[in-house]
Amino acid sequence: MPSSITSTSSIDEVKDIDDNLKQVERDILRLEKKLAALKDKAVRLRDRRRSLTVTAPWITRLPPDILAQIFIRGTKLHSSSTSDIQQCRVFLPIAVSHVSRQWRKVALQLPQLWNYIDMSEGRPYDRTYVWLKRSRNLPLDISIDYRNEPDSTYYQRNFLVTLNVVIPYIYRWGSIRVIAPESLLETALHVFSAPAPMLHTLVLKGWTRPEDDRAEQWAPTIFHRNTPALKNVHLHGIALKWESCVFSEMRDCTLSWIPADTVYKIPELAHLLRLASPCLQRLSIISSPARPRGDGDVNNILRRVLPYQVPLPRMQELRLESLDLIDVQTLFPLFQTPSLRKLILSKISRGSGRISDLAAWRATDWRPDLDYLEHLECTDLDVEGGRNGAGLKLFEAVARAAPNIRRLSIRGASANAILEFLTPELLLMLPDEDILLPNLERLEVHDTSAETVRAFVESRTSNGQTRLREVTGSIQNDKKMKRSASGREAVQQLGWEHNDAIHVALRPVK
């Protein structure tokens, strides 16, 4: 009978074999890991060698971190056109991720490329879900544009489907831009009921077709009144109950094309701005007048508006566009802006106000807070009536209230008239004559003639003492200048007397 395996020597030998097998398996695993690491290193070395060869394009030799920074910079397109920015944010990630294996690898590892969500894709939103996943935990920039969609029950249901795609990510919203008929927009704001702690920009643009009935004003409690990071708000064509607004501590506020039959009044606008104070730095009011009751008499306006005056100690920029004279007279006293640096006046018309009212400011105890205003920009002011017209009266009132303006930008149909208004007759000038904008250093002109610019510059340099240092922009090509002119060359082509102290850079246009 054979010996039993249970003998002591056999048991010891089996244990030794088991130990040796385990050690061999560990060595095999270690060698396999080392082999995989060596293979990975060989791939990297081959790629690096290929990128360093003379025949390889230089773009393939960029390190991944530099390439990533280039991609990120590409998403930050600076353009005045919103559609250009949207096209860049949508197509850039797709383009760079289909160039090469290296570019795709870098692009897929960059959530900054994929956090712009454009909902114009439509059902079933496959691309949107892929981008939401690739953006990881970054704040989302969302755009929903239904401006071309009919306002019907079908499209309202489709609009809700669109919202339901992004609503679960509301905690990640960084900016949201919704353009839709007002009925759909009202639906959207009632759906936006959860907190949005990362939201910093809110753009709501709504409209109603002329044949539709105007809906009542509405005041939704959006985002559960929890938007601690909200700084930029743009409301366009929305009939909100302004006294119920919850937009507080804003930095940038734009009110544009508020419906004419639901125009907010002075108390409501004051309430909105008082919520934003003292953080508001930039305010734009475009075709959205806020008027007190009564006629356009300046004393009546001041009596009704000054009790609602809102202190805005940090306001740096104010834009008033597509308003008439009464609107401007009303808004200036409403704002207390001791730190205002830039004022933009665009498309201000005479309306039904009395032109002499602006000059009447100086006959009252109230004065605009424009002591620190440095930059005045005027576009398409109403200059009908010449020096006694609404546009030039408004310009004069602002210029006299802001003695420290250093930069003036003028363009549009009123540019020539404003520059002529600033140019006194040389023979009639007295040595101590008080000229407008005495501290002007930079002039930017467009849509005016070379002769008008020349006369203004000569009027400022005739006494040898001027702060004017730079004249830039574009002029009407009356003298058939062949190319862009600057410095001494521009002065010679225009026939001006050369002045080394003033830099001239004017581009001739047709």
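## Ground rules

Because the model is predicted, local features need pLDDT of at least 70 and side-chain atom pairs count only at pLDDT 80 or more, while totals for chains, interfaces and linings use all residues. Residues are numbered from 1 along each chain as its sequence is written, and side-chain values use heavy atoms, with hydrogens and water left out.

Helices (H or I, at least four residues) and strands (E, at least two) are DSSP runs, numbered from the N terminus.

Let's start with strand 2, residues 140-145. Five of its six residues are buried, so the rest of the structure largely encloses this strand. Buried here means under 20% relative accessible area, with exposed being over 50% and partly exposed in between (1.4 Å probe, protein chains only).

Strand 2 has partners, too. Two strands pair if DSSP finds at least two bridges between them. Strand 1 (residues 116-118) pairs with strand 2 in the parallel sense over three bridges, and Asp118 sits opposite Ser143 in strand 2. Strand 3 (residues 173-181) also pairs with strand 2 in the parallel sense, over six bridges; here Leu140 stands opposite Trp173.

## Strand 11 and its neighbours

Strand 11 covers residues 342-346, and four of its five residues are buried. Strand 9 (residues 317-321) pairs with strand 11 in the parallel sense over five bridges, with Arg319 opposite Ile344. Strand 12 (residues 375-379) runs parallel to strand 11 and is joined to it by five bridges. In that pairing, Leu345 stands opposite Cys378.

## A buried loop residue

Now for a loop: Asn439 lies between helix 12 (415-421) and strand 14 (442-449). Asn439 counts as buried because its relative accessibility is 16%. Leaving out residues up to four places away in sequence, Asn439 touches Pro403, Asn404, Ile405, Arg406 and Arg467. Contact means heavy atoms within 4.5 Å.

## Two helices crossing

Helix 2 (residues 64-75) packs against helix 4 (residues 101-108) at an angle of about 65°, with their axes 10 Å apart. That makes helix 2 roughly perpendicular to helix 4. The contact is made by Pro64, Leu67, Ala68 and Phe71 of helix 2 together with Gln102, Trp103, Val106 and Ala107 of helix 4.

A word on the terms: axes are lines fitted to C-alpha atoms, for helices over the stretch in contact, and angles run from 0 to 180 degrees between N-to-C directions. Angles under 35 degrees count as roughly parallel, over 145 as roughly antiparallel, 65 to 115 as roughly perpendicular and the rest as oblique.
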